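Here's a quick look at a few packing details in this one. Have the viewer open while you read.

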Amino acid sequence: MLKSMTGYGVSNIESDSINVTVEIKTLNSKFLDIYCRIPRNYSEKEIEIRNLITQSLERGKVEFTLAVQPIGKTIASTSVNRQLVSAYYHDLTSTANDLGFAPDTTELLRIALQMPNAYNNETVDDSGKENDWVQVKVAVMEALRKCNVFREQEGKMTSDKFGDYIQTIQTLLDGVADQDKLRIPAVRERLEKQVRELLSDDNFDPNRFEQELIYYVEKFDISEEKIRLANHLTYFIQTMKASESNGKKLNFIAQEIGREINTIGSKANDVSIQHLVVQMKDELEKIKEQTMNII
């Protein structure tokens, strides 16, 4: 099953002491590129969070955001980081003004208070903090699960598109095969003309005749290219339906498909086949573009 690198997952868990919100956004990337935005008092857990993300998401550009708000009795042990919240507030106000609208001051303050490190922990209870981390970890795993579900859904849609693109190329290849049957008599006539000219030449050289004949047969024959292209199309579908998603492998197969299409176009020397080749290239470009977003 194919899995897209585009994904989104969000989770919210509330306990007696904290309210946890985890948001994960992913985009395509050659490697796993993780950007974490977490509260300062959970900074020592960043490595563990990164390990959880690595085990779950494999590849892609990942934007991870963790927000933890104290509630209940825990609020008494916290204070607002006024300097930082003030900086958030003024930055949000400036952004709103730059965009040309009057911001709601109450809404801006609410947003500023939800930003990372908006609260300072004045007293820390280690046992309470560990219990809170258990809740945070649950929220992280739930967001990762939802992100993977999103990726699988996107992968299913991409898989359906791949099937349509490959089927279109196969249909065009069938058209090339039909046109090739009409092209062969013209190629035969051309070869016979060349042979007659060589035979009527007083300086006829049998060795040269054999070389010319082999040259023209290899130049105009596209039988092998048609077979290889059909095999590549079948292999692409088989790889796409494999149990593990492999965007890099699909991209390699697409490159091989492109080579065969280009060779058919260059060897056929036929206007109708050239038109079909152009259409096949158009479908192949769609495939290459989509493979870049597959894990």
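Helices H6 (residues 223-240) and H7 (residues 247-268) pack at about 160 degrees with their axes 9 Å apart, so they count as roughly antiparallel (angles over 145 degrees get that label). Axes here are lines fitted to C-alpha atoms over the stretch in contact, and angles run from 0 to 180 degrees between N-to-C directions. Helices are DSSP runs of H or I with at least four residues, strands are E runs of at least two, and both are numbered from the N terminus. Among the H6 residues that meet H7 are Leu229, Leu233 and Phe236, while the H7 side includes Ile253, Ile257 and Ile261; contact means heavy atoms within 4.5 Å.

Keep in mind that this is a predicted model, where local features need pLDDT of at least 70, side-chain atom pairs count only at pLDDT 80 or more, and totals for chains, interfaces and linings use all residues. Residues are numbered from 1 along each chain as its sequence is written, and side-chain values use heavy atoms, with hydrogens and water left out.

Now for two single residues, with buried meaning under 20% relative accessible area, exposed over 50%, and partly exposed in between (1.4 Å probe, protein chains only).

| Residue | Relative accessible area | Class |
|---|---|---|
| Asn81 | 14% | buried |
| Ala177 | 25% | partly exposed |

Asn81 is in the loop between strand E5 (78-80) and helix H2 (82-98). Leaving out residues up to four places away in sequence, Asn81 touches Arg40, Asn117, Ala118, Tyr119 and Asn120. Ala177 belongs to helix H4 (residues 126-199), and its C-alpha is 8.7 Å from that of Ser223, 46 residues apart in sequence.

How values were computed: Parallel < 35°, antiparallel > 145°, perpendicular 65-115°, else oblique.
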